[in-house]
There are 2 protein chains.
Amino acid sequence: MDRTQAADVVTAGFLVIGDEILSGRTKDKNIGYLADYLTLLGIDLSEVRVVPDIHERIVEAVNALRERYDYVFTSGGIGPTHDDITADAIAAAFGVAIDHDPRAVAILESHYPQGQLTPARLRMARIPAGADLIENPVSKAPGFRIGNVHVMAGVPAIMQAMLDAIAPTLRTGRRMLSRTVDADLPESRIAEALREIQKASPGVLIGSYPRTTDGRFTTQVVIRSREEDLLAAAAAAVEHAIAAAAT
Amino acid sequence: MDRTQAADVVTAGFLVIGDEILSGRTKDKNIGYLADYLTLLGIDLSEVRVVPDIHERIVEAVNALRERYDYVFTSGGIGPTHDDITADAIAAAFGVAIDHDPRAVAILESHYPQGQLTPARLRMARIPAGADLIENPVSKAPGFRIGNVHVMAGVPAIMQAMLDAIAPTLRTGRRMLSRTVDADLPESRIAEALREIQKASPGVLIGSYPRTTDGRFTTQVVIRSREEDLLAAAAAAVEHAIAAAAT
């Protein structure tokens, strides 16, 4: 029996919105950052989807993810231009109205010099009804949270600042602990031993990652568990198996 | 009316399989590479999903993507260890048997010295019934294609080599042409003009990407179309709008 209780596990899905990622023009930096961030918080990132700037595709993906995971995070598509359609799509996904939000308007009014809050900029104050704002210390235009969905900017520096604003509000689970063991062997040499250790180690996840080091095939074995004692026992077994295979 | 015919458009979904991406341990390099590669070929990458090493999740995602797009590409989970479950999941998704494939066994037999083709390594020859092999010039263990799904390794060098092997077999569409115009202005200054140009430009996709350059907010406008004349006209309109906004 896995001793980890389901109540200890908090899950998340991440939706990356933007043609520029799918065309290759922009190389995503947010997936890896969010994955690290949530792992440290004690939230399991369970799925990522990348969809284009198409209303129906955003609606469909956010609805699929929000039903399935404790939290959903999105990045991209909340700026002032015509291709920034995320806020409207989120409102549609939740079946709520969207309009200029007085709190968001006030933030933008205090940020832009008199007369420079153009209609395009004001568009960044369109927030679905019932949403809370997420602070944006970088460029002011806020993100928002509605239900379990957190809507953030795509620009990495802004997304990262918004995550810092969100983090204290999130329920977190028991943190997944992790240990990495390096093996100076190709993974096929330890595959059978790892399979046996995995079978004998409930509550532990053993991952085997092949790499090349100085032209040789080597392996990193990553052992993960929420229980320190289970982790230590499995790691010791892996180290033993690697030593045995190397002789 | 959009002059681009549907017959000219070939779409793809990409499924990245692996706990290590979702935990943040490994930073994905395959999404951006595949996006660039398919764009150059004339195939539209339309969706990406990242799922963990869980059988049901792989089956579900590959079935969702293969029904929806002309091609599906997967990366990850085809090595010799217990956490490499992609081949079995793909067989289950297609409802076909899976066993050691004589062609794949022959490749591994000719690669490994006598007596070193262990059961773990032999596991890499498990291929769903009816699949074609995809050559792996790097470490020999092949990928495979079944139906419209192409199953590749997760290690970037191997995935890239497998893509080169696959590319000549793919049907491609009319290539999406692209032009980038840099604006030394925040995007909110040109947002209204871009919206008008987008509205007046069927067959053209205009994307606006905010950035910071030397501490100033600047913008890259990316104009995309399959028609060179439509692209040129929209790009000229964008350049004109930027020049007007800058004065």
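Predicted model: local features only at pLDDT ≥ 70, side-chain atom pairs only at ≥ 80, totals over all residues.
Local features need pLDDT of at least 70, side-chain atom pairs count only at pLDDT 80 or more, and totals for chains, interfaces and linings use all residues. Residues are numbered from 1 along each chain as written, chains are lettered from A in the order written, and side-chain values use heavy atoms, without hydrogens or water.

**View 1. The axis relating chains A and B**.
A 180° rotation with 0.0 Å of shift along its axis superposes chain B on chain A, with an RMSD of 0.0 Å (least squares on C-alpha atoms of residues with pLDDT of at least 70 in both copies). That is the relation of a two-fold axis. In chain B, the C-alpha nearest the axis belongs to R49(B), 2.2 Å away from it.

**View 2. The surface where the copies meet**.
Of the interface residues of chain B, 100% are also interface residues in chain A, so the copies meet through the same surface.

**View 3. The domains of chain A**.
Domain 1 covers 6-169 and domain 2 covers 177-246 (bounds from an automatic or database domain assignment). Their centres, taken over C-alpha atoms, are 37 Å apart.

**View 4. Helices α8(A) and α9(A)**.
Helix α8 (residues 191-199) and helix α9 (residues 228-246) of chain A pack at about 160°, with axes 10 Å apart (helices are DSSP runs, H or I, of at least four residues, numbered from the N terminus; axes are lines fitted to C-alpha atoms over the stretch in contact, and angles run from 0 to 180 degrees between N-to-C directions). They are therefore roughly antiparallel (angles over 145 degrees).

**View 5. Residues between α8(A) and α9(A)**.
A193(A), L194(A) and I197(A) in α8(A) meet A234(A), A237(A), V238(A) and A241(A) in α9(A) (contact means heavy atoms within 4.5 Å). The contact residues divide into seven nonpolar, no polar and no charged (Ala, Val, Leu, Ile, Met, Phe, Trp, Tyr, Cys and Pro count as nonpolar, Asp, Glu, Lys and Arg as charged, the others, Gly among them, as polar).

How values were computed:
Helix = DSSP H or I, 4+ residues; strand = E, 2+ residues; numbered from the N terminus. Parallel < 35°, antiparallel > 145°, perpendicular 65-115°, else oblique.
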